[in-house]
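I opened this notebook to keep track of what I looked up, entry by entry, for someone who has not seen the structure before.

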Amino acid sequence: MKVGKIKNRWLIALAAVGIHISIGSVYAWSVFTNPLQEQFGWSLSAISLTFSIAILFLGLSAAFMGHFVEKHGPRKSGLVSATFFGIGLIGAGLAINMGSLTMFYITYGALGGIGLGVGYITPVSTLVKWFPDRRGLATGLAIMGFGFAAMIASPIMANLISSVGIANTFFILGAVYFVIMTASALYLERPPEGWMPEGYKQQVASGAKKPAADLSQLTANEAIKTKRFYYLWVMLFINVTCGIAVLSVASPMAQEIAGLSAAAAATMVGLMGLFNGIGRLGWASISDYIGRPNVYTAFFAIQIVTFLLLPSITHAILFQVVLFLILTCYGGGFASIPAYIGDLFGTKQLGAIHGYILTAWAAAGLAGPIIASYVRETTNSYAGTLYIFAAMFVAALAVSLIIRLDIKRLKAEQSTTENKLAS
């Protein structure tokens, strides 16, 4: 990077939010379901498959393009994301005009999904470098944008569909998101090597603050040979599987267990997006103070209790409060993982490692809804599903405790090396 004026790190964070709030609109996908059924008579499962393809390609492109992000920097990879996502949406509009479901899968699902994956990991590793003092907050800010996006996009999409039709809605969204993402990508850049924010730099120089030492500095290919990489993968997989499953059946489950009306359940689903976003910023910020291992242990302990209690809660408001708490843990899991990766593997290739870890999301996106609907159909009740997920969280809690042994061992090795160097 040329020596010159250092960019404002809060504007870098805003640019990251710009990308995430655009691609996060994928979470408002369900707005298109009924209009597509009415216009073409496509089955619900055929339409839902589009979303599954998009999430699958998100995970795959995040894994395969992580090295591209590290090599070419956030600006180029942000532009790649804007191009794929924009073309995916505009192509989806063309597919609607042609009445072609296959083309819809290719455009919105595959091309849009590639834009999603690259866009998701692009700003995160950059933000971690701009916020050495508040890693969790930084990644929480960007990933919060992804969580909140559906709340903002849903009403806009619904209004556009009713006023200009489905195809034109995709054309408008494609153009608008392309502009927002391109402008955001052009502002993104990495800080100079070893850069620290002013106040923090003085505190470090005076000895008042000690920069958090990463346990190692590994490349992505070195990271995937360690046990702790797979511990993180399993924890994210379980957290996302159970969260996505609850998201996919929240409305009918609330009506069955707590007796909510269809309208009340729809309002609850909208509010779930809000708590998903709050959890992303809140838990990630808390992790700066209590540490990432403690936050993940808290996620799993909270969710074991809540998933066991949920089937027996018939009080409508209490049921929703418990569900919202679960959603904060779901969002918080996404937002805290990049900072956890930085702590354990360093920032050398954080984007690429984050990409590999996100394959857990792709796998969970397929597993969660399938498990939820299968158990519901075989047992004729949502209670069985919730008990199965509680058992999965017991396994996740065990992993969150096992990873601490690995962290303890690495800290001991680090301390021995420092002592040898000092002597």
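**Entry 1: Salt bridges**

I began with charged pairs and noted that the structure holds 10 salt bridges, a salt bridge being a side-chain nitrogen of Lys or Arg within 4 Å of a carboxyl oxygen of Asp or Glu. I kept in mind that this is a predicted model, in which local features need pLDDT of at least 70 and side-chain atom pairs count only at pLDDT 80 or more, while totals for chains, interfaces and linings use all residues. I also noted that residues are numbered from 1 along each chain as its sequence is written, and that side-chain values use heavy atoms, with hydrogens and water left out.

I looked up Arg409 and found its side chain in a salt bridge with Asp406 (2.9 Å, N to O) and in another with Glu413 (2.8 Å, N to O). Asp406 and Arg409 both lie in helix H15 (residues 383-422), 3 residues apart, about one turn of the helix, where helices (H or I, at least four residues) are DSSP runs numbered from the N terminus. Arg409 and Glu413 are 4 residues apart in H15, so about one helical turn separates them. An α-helix has 3.6 residues a turn, so residues three or four places apart point the same way.

I then asked how accessible these residues are, taking buried as under 20% relative accessible area, exposed as over 50% and partly exposed as in between (1.4 Å probe, protein chains only). Asp406 is buried at 10%, whereas Arg409 is partly exposed at 40% and Glu413 is partly exposed at 41%.

I next turned to Arg292, which forms a salt bridge with Asp288, the closest N and O atoms being 3.0 Å apart. Arg292 counts as buried at 7% relative accessibility, and Asp288 counts as partly exposed at 27%.

**Entry 2: Aromatic pairs**

I counted ring pairs by the rule that rings of Phe, Tyr and Trp (its six-membered ring) pair if their centres lie within 6.5 Å, with planes under 30 degrees apart called stacked, over 60 edge-to-face and the rest tilted; the count comes to 28 aromatic pairs. The rings of Trp29 and Phe104 have centres 5.9 Å apart and planes at 35°, so I wrote this pair down as tilted. Trp29 lies in the loop between H1 and H2 and Phe104 in helix H4, so the pair ties together parts that are 75 residues apart in sequence. Both Trp29 and Phe104 are buried.

I recorded Phe307 and Phe389 as edge-to-face, because their planes stand at 90°, with the ring centres 6.1 Å apart. This pair links distant parts of the chain, with Phe307 in helix H11 (residues 292-309) and Phe389 in helix H15, 82 residues apart. Phe307 is buried at 0% relative accessibility, and Phe389 is buried at 1%. Ring pairs also link Phe307 and Phe389 into a cluster whose members include Trp283, Tyr296 and Tyr340.

**Entry 3: Helix H6**

I finished with H6, which has 22 residues and reaches 32 Å from its first C-alpha to its last, close to the 32 Å expected at 1.5 Å a residue, the expected span being 1.5 Å times one less than the number of residues. Among the buried residues of H6 are Ile166, Phe170, Leu173 and Tyr177. Ile180 is also in H6, but I found Ile180 partly exposed, with a relative accessible area of 33%.

Methods. Helices (H or I, at least four residues) and strands (E, at least two) are DSSP runs, numbered from the N terminus.
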